[in-house]
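I set out to examine this chain for the first time. My entries below record what I looked up, in the order in which I looked.

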Amino acid sequence: MVLAAVIVSLVSLLPVGFVIWIGIQTGWETASALIFRPRVGELLINTALLLAVTIPISIILAVMLAWLTERTDLRGARIWSWFAVAPLAVPAFVQSYAWVSLIPGLHGLFGGVLVSVLAYFPFLYLPVSAQLRRLDPAIEDAAASLGNGPWRVFFFAVLPQLRLAICGGSLLIGLHLLAEYGLYVMIRFDTFTTAIVDQFQSAFNGPAANMLGGVLVICCFGLLSLEALLRGNERYARVGSGAPRDTMKQRLGLLAVPAFLICLITAGLSLGVPFVTLARWLSIGGMDSWRLDLIGMALGQTIIFAVAGALLTTIITVPMAWLSVRAPGRFQRIMEACHYYVGSLPGVVVALALVTVTVRVALPLYQTVFTLLLAYALLFLPRSLVGLRASIAQVPVELEQAAMALGRSPAQAVRQITMRLAAPGVAVSMALVGLGITNELTATLMLAPNGTRTLAMQFWSLTSEIDYVGAAPYALMMVLLSLPMTLLLYAQSKRFGGR
């Protein structure tokens, strides 16, 4: 396990090694002049504000929706829980264009926070809602029997047990905020990622862009350190006599109407706005906008890349996820950081690193499917690791020890016991990676073999030419392709909680 995790960690260091190598070639004087300038300070403030505002709002919204749909007698809770997951099927850049179409003046930090929360809060809702379903209500009963009211029971007995899910989901959102490009370009909000892409477009592989990439790596390390500090090393699995009973639904009473409005408004903002915009595009274009030959080719290639990339990413993530739970330590933290940091880099930096390596070391791999799948695996390691880690953490280590005591080898115990019980997390991780690959743009543009045309590539190409009517069918196909994976996330999340 350690050897496999080390190999993946070393491969994931390729992009940061590329940035460091470019920095050494650039020289200290030029590098310091490019880093310590007002523009970098402005980008740093924008990125910090985006993280500081978006993540807390996403936590509050996700925890509130998860509590309403899982622990209360909210009418239509199953439908609202599906609506809380469905925004994952809408690409972030489709969300941003829908809002810009609705409110042309929606720009800057407020617009970036609004669209980011609506696009990414499901990454928190999924693990939090799954964890709420698995909590033993006996702990809450014990807290209530000591004289604590409902609010104190929630904040001191329930919320601490959600820490692993909240930290993992928040880290996932934070990494997406650091790496997102299309969303903020349409909102006209400058971040490190948008500045890096602009620099690369103006001067391919320019030193300024690479220095900005170095600062972005430092931001990622800061985010990883904060998450590791808040996560802790507490145990979350339950072993003991008996079994946890089903939780009792709390009656909302007078709060039923406000709770219903919260769910309705969230669904309307995150789903209603983009679907209304897409309907308007399609109605304007009519049947003339449907180029079935081009759309069919783009759809087929997108499906192939999504399935292959999700399978590869999940397989190479299993060793690190198992070590993260079963053998935590300083060395493990370092390897885990290697898995996470690459997810914060924009796809263009990862792509350029792989272009440089393949051209100078392994030219036959340049612009091949293997290199493209490797880029997908590096970009979406955090998505896979968060889901696998949370799922493995719910499997008591005593079960592995019992299997080995009965004659199983350690490898057999992990394969036959741990991974079988963690199967829902594996499926969720693959679906999350597949969603990301379906909507990935920059790495695909730079690394895909000649003739490749995915749905995201076609959509972005047409929107860049201001052909929003022609881009509408591709946007709709991306949403329809993402819906089954989103449904799988929802179904596995329910099964993960024993339903």
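**Charges and overall form**

I began with charge: the chain carries 31 positive and 21 negative side chains, and the centres of the two sets are 8 Å apart. Lys and Arg count here as positive, Asp and Glu as negative, with His and the chain ends not counted. Each charge is placed at NZ of Lys, CZ of Arg, CG of Asp or CD of Glu.

I noted that the model is predicted, that local features need pLDDT of at least 70 and side-chain atom pairs pLDDT 80 or more, while totals for chains, interfaces and linings use all residues. Residues are numbered from 1 along each chain as its sequence is written, and side-chain values use heavy atoms, with hydrogens and water left out.

I then looked up the secondary structure and found 26 helices and zero strands. Both are DSSP runs numbered from the N terminus: helices are H or I with at least four residues, strands E with at least two.

For the dimensions, I recorded a C-alpha box of roughly 65 × 55 × 45 Å along the principal axes. The radius of gyration is 23 Å, which agrees with the value near 23 Å for a compact globule of 499 residues; the radius is taken over C-alpha atoms, and the rule is 2.2 Å times the number of residues to the power 0.38.

**Burial and contacts**

I found that 57% of the 499 residues are buried. Buried means under 20% relative accessible area, exposed over 50%, and partly exposed in between, with a 1.4 Å probe and protein chains only.

Among contacts with a separation of 6 or more, 85% join residues 24 or more positions apart; a contact means heavy atoms within 4.5 Å.

**Helix H10**

I turned to H10 (residues 150-158), where Val153, Phe154, Ala157 and Val158 are buried. These residues lie on the same side of H10, because they cover an arc of only 110 degrees around the axis; the arc is that of the directions from the helix axis to the C-beta atoms. Trp151 and Phe156, on the other side of H10, are exposed. The cover over the buried residues includes helices H4 (38-71), H8 (122-134) and H9 (137-145).

**Two loop residues**

I looked up Arg188, in the loop between H12 (182-187) and H13 (192-202). Its phi is near 60 degrees, a positive value in a residue other than glycine. Arg188 counts as exposed because its relative accessibility is 63%.

Gln367 is in the loop between H18 (347-360) and H19 (369-379). Phi of Gln367 is near 50 degrees, again positive in a residue other than glycine. With a relative accessible area of 25%, Gln367 is partly exposed.
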